[in-house]
Structure formats: structure tokens, C-alpha cells
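Me: I want to learn how to read a protein model. Can we go through it feature by feature?

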Amino acid sequence: MDFTLSESEKLIQKAAREFAQRAVWPLAVEIDRTAQFPLELAQEMGRMGYYGLAYLSEYGGSGAGYVGYALVVEQISRASMTCGAIVAVSILPRESLFRFGDERQKQEFLTPLNSGKIFGCFCFTEPATGSDPKAVATRAKYEGEDYIIEGQKNFIALAPVAAVAVVFAKDETRKISAFIVPTSSPGFVLREPCETLGLRGLGTSVVYLDEIRVPQENLLGAKGAGYEIM
């Protein structure tokens with residue numbers, strides 16, 4: 001395997017290193033001390049195009065590919081693991097939408113996520129079962145033209161700033177499905193932040209899903225395909 005970087009990848013790496021030294025490094029200690037999500041810095045990383053590196057321009061990306069994305073995560077993490085994780089973890093909802101979303105879902109949700117106009121979160125881990133996909137306790141009940149989602153998620157990074165969440169729940173067939181849920185939906189309740197030993201300032205939180213009504217069109221991928229999406 002050839003590990004030689006292309007010229008464009010070298011330029012991405014160099015620019016990310018300079019950005020990390022200029023904008024991230026001076027704030028790293030304060031972010032860790034206060035454990036406050038660095039919103040302005042996260043928004044600046046969006047303006048730098050770091051969230052959409054891996055994706056096509058038609059969906060708000062730059063088409064630089066996954067290697068370019070990994071190089072940016074590496075350089076920012078040298079200055080602050082929290083800021084590196086903001087870029088790294090935020091790919092989870094974007095990748096889910098890119099690989100499994102229909103065209104409407106990509107235009108409505110993926111494009112603004114890639115451009116950094118909004119943030120997203122990935123609601124999978126639960127307090128009683130951790131990250132065991134077979135033990136997901138959150139339920140999605142089909143009612144009329146909607147799904148009603150009820151449950152609790154834990155350790156959800158970026159939750160305080162997220163405008164959209166990819167939520168995993170067991171449907172009436174007891175298979176796991178994935179749903180696109182705007183965090184402004186009634187019943188999406190952000191609870192206490194989680195105390196963590198590292199990655200302080202990542203916005204890691206407990207999320208309650210209190211009978212959230214999600215339209216059928218926000219089912220992500222096929223019904224029961226949540227395990228594959230994870």
C-alpha cells in the first residue's frame with residue numbers, strides 16, 4: 001500500500017496544522033478547564049470546510065476524500081483532542097445520511113451539516129446497555145403516518161449544539177431502525193452533561209426522548225436496517 005500523500009492532501013495537512021496552531025492551541029487549556037463547548041471555534045472549523053471534506057460538492061462538501069478528513073482530524077487533535085473529536089464524531093450522522101439517506105434527506109439535512117451551518121449528533125448509546133446494539137431499549141411505535149419514539153440516550157456528543165439527531169430505536173418488529181430527528185421536536189429533552197475524564201467540552205450529554213413524533217419520511221434507510229447503519 002502506498003502511503004505517499006498527494007499534493008492536494010499535503011496542502012490540506014499544512015493548512016490544518018497552521019489553523020490548529022493559530023486558532024485551536026491558544027484555547028485548548030481553557031476548553032479543558034471550563035468543559036464548555038467551543039461554539040465559535042466549532043463554527044470557524046465549519047467555515048474552513050472541515051466538516052464536508054469527505055463529501056461531494058453537490059451536498060455541501062469539498063470532495064477532498066476521507067484521507068483529507070483524517071489528516072485534518074490528526075492535526076487539530078495535536079492542539080486539542082476535544083476540537084479534533086468535534087470534527088471526528090460529527091461525521092457519524094453525516095456518514096449515515098450520505099450512505100443511507102434518500103435525495104430529499106441529503107439535501108435537507110446532509111448539505112447544511114457538511115457546510116457547518118448546523119451540527120448533528122448520533123443517538124445510539126444508552127445508560128443501561130451502553131453501546132450494545134442488540135440491547136437497545138428505546139422504542140419506536142408506528143402510529144398513523146408517524147413514529148412515536150420514547151427512551152433515553154447517554155454520552156451523546158455535540159448534543160447541546162445539534163440541530164438534528166440520528167436516533168436508533170427498536171420498532172414494532174423488534175428490529176432496530178434509524179430516524180432523523182430535529183432536536184427542536186417536542187419531547188427531545190437535553191438533560192445533565194456527562195462528567196468525563198477527557199474530551200471535556202465535547203458537549204457529551206444525557207438525552208431524553210419523550211414520545212417524540214417523527215414523520216415516516218424521516219425513517220433513515222430501510223425499516224429495520226438500523227444495525228447496518230450503525
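Me: Which residues line the largest cavity?

Reply: First, some ground rules. This is a predicted model, where local features need pLDDT of at least 70 and side-chain atom pairs count only at pLDDT 80 or more, while totals for chains, interfaces and linings use all residues. Residues are numbered from 1 along each chain as its sequence is written, and side-chain values use heavy atoms, with hydrogens and water left out. Now the general idea. Rolling a probe the size of a water molecule over the atoms shows where empty space is left. On a 1 Å grid over the protein atoms alone, a cavity is a set of points where a 1.4 Å probe fits but cannot get out; lining residues have an atom within 4 Å of a point. Here, the largest cavity is lined by Tyr51, Ser90, Arg94, Leu113, Ile118, Phe119 and Gly120.

Me: How much space lies in the largest cavity?

Reply: About 40 Å³. A volume is the space filled by probe spheres set on the points, and grid points are joined across faces, edges and corners. Searching the whole structure gives one cavity of 30 Å³ or more.

Me: How does the lining of the largest cavity divide by class?

Reply: Ala, Val, Leu, Ile, Met, Phe, Trp, Tyr, Cys and Pro count as nonpolar; Asp, Glu, Lys and Arg are charged; the others, Gly among them, are polar. The lining has four nonpolar residues, two polar and one charged.

Me: What about the largest pocket: how much space lies there?

Reply: A pocket is an open set with protein on both sides within 12 Å along at least five of seven lines. The largest one holds about 250 Å³. It has 17 lining residues, and the closest to its centre are Ala35, Pro193, Cys194, Gly203 and Thr204. Strand 6 (residues 188–193) gives the most to this lining, with three residues. By class, the pocket lining has eight nonpolar, six polar and three charged residues.

Me: At what angle do helix 6 and helix 7 pack?

Reply: Helices (H or I, at least four residues) and strands (E, at least two) are DSSP runs, numbered from the N terminus. Axes are lines fitted to C-alpha atoms, for helices over the stretch in contact, and angles run from 0 to 180 degrees between N-to-C directions. Helix 6 (residues 91–100) and helix 7 (residues 103–115) pack at about 145°, with axes 10 Å apart. Contact means heavy atoms within 4.5 Å. Helix 6 brings Arg94, Leu97, Phe98 and Phe100 to the contact; helix 7 brings Gln105, Lys106, Phe109, Leu110, Leu113 and Asn114. By class, that contact has six nonpolar, two polar and two charged residues.

Me: Is Asn154 buried or exposed?

Reply: Buried means under 20% relative accessible area, exposed over 50%, partly exposed in between (1.4 Å probe, protein chains only). Asn154 counts as buried because its relative accessibility is 12%. Asn154 sits in strand 3. Beyond neighbours within four places in sequence, Asn154 is in contact with Thr125, Glu126, Pro127, Cys194, Ser205 and Val206.

Me: Which elements hold Glu40 and Leu39?

Reply: Glu40 lies in helix 3 (residues 39–47), and Leu39 is found in helix 3 too. Glu40 is exposed, at 65% relative accessibility. Leu39 is partly exposed, at 35%. Not counting residues up to four places away in sequence, Leu39 touches Phe119 and Val161.

Me: What is phi of Leu158?

Reply: Near 70°, a positive value in a residue other than glycine. Leu158 lies in the loop between strand 3 (146–156) and strand 4 (162–170). Leu158 is buried, with a relative accessible area of 0%.
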